[in-house]
Amino acid sequence: MGQFFIPVFTLSTALLAYITRQIRGSVANERKAGYVFQARAKGLSESEIIWSHAFKNASFPLITMLGTILPAS
């Protein structure tokens, strides 16, 4: 079992970097949306806006991307 840790970690590092970059770009696009400005006007904290509003909508491309990446791995 222990002999599989390093190869799995090595092979998944590039994949995790790609996923992180995609989700970061998607969240950055969602932060420009109108509902985020409205949430800021309501006085919500920035972390609450990102996690409860922007990340939910930014996760749809992530789900689609994982659907194509995971069967190929």
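How many aromatic pairs does a search of the whole structure find? The search finds two. Please bear in mind that the structure shown here is a predicted model. I shall take the pairs in turn.

A pair of aromatic rings is described by the distance of the centres and the angle of the planes. For Phe 5 and Phe 9, the ring centres are 6.1 Å apart and the planes meet at 15°. Planes under 30 degrees apart count as stacked, so this pair is stacked. Both residues belong to helix α1, which covers residues 5-30. Because Phe 5 and Phe 9 are four residues apart in that helix, about one helical turn separates them.

Trp 51 and Phe 55 make up an aromatic pair with a centre-to-centre distance of 5.2 Å. Their planes stand at 55° to each other, and the pair is tilted. The setting here is helix α3, residues 46-69. Trp 51 and Phe 55 are four residues apart in this helix, and therefore about one helical turn lies between them.

Let me now turn to accessibility. Is Trp 51 buried or exposed? Trp 51 has a relative accessible area of 57% and is exposed. In the stacked pair, Phe 5 is exposed, with a relative accessible area of 57%.

Key. Residues are numbered from 1 along each chain as its sequence is written. This is a predicted model: local features need pLDDT of at least 70, side-chain atom pairs count only at pLDDT 80 or more; totals for chains, interfaces and linings use all residues. Side-chain values use heavy atoms; hydrogens and water are left out. Rings of Phe, Tyr and Trp (its six-membered ring) pair if their centres lie within 6.5 Å; planes under 30 degrees apart count as stacked, over 60 as edge-to-face and the rest as tilted. Helices (H or I, at least four residues) and strands (E, at least two) are DSSP runs, numbered from the N terminus. Buried means under 20% relative accessible area, exposed over 50%, partly exposed in between (1.4 Å probe, protein chains only).
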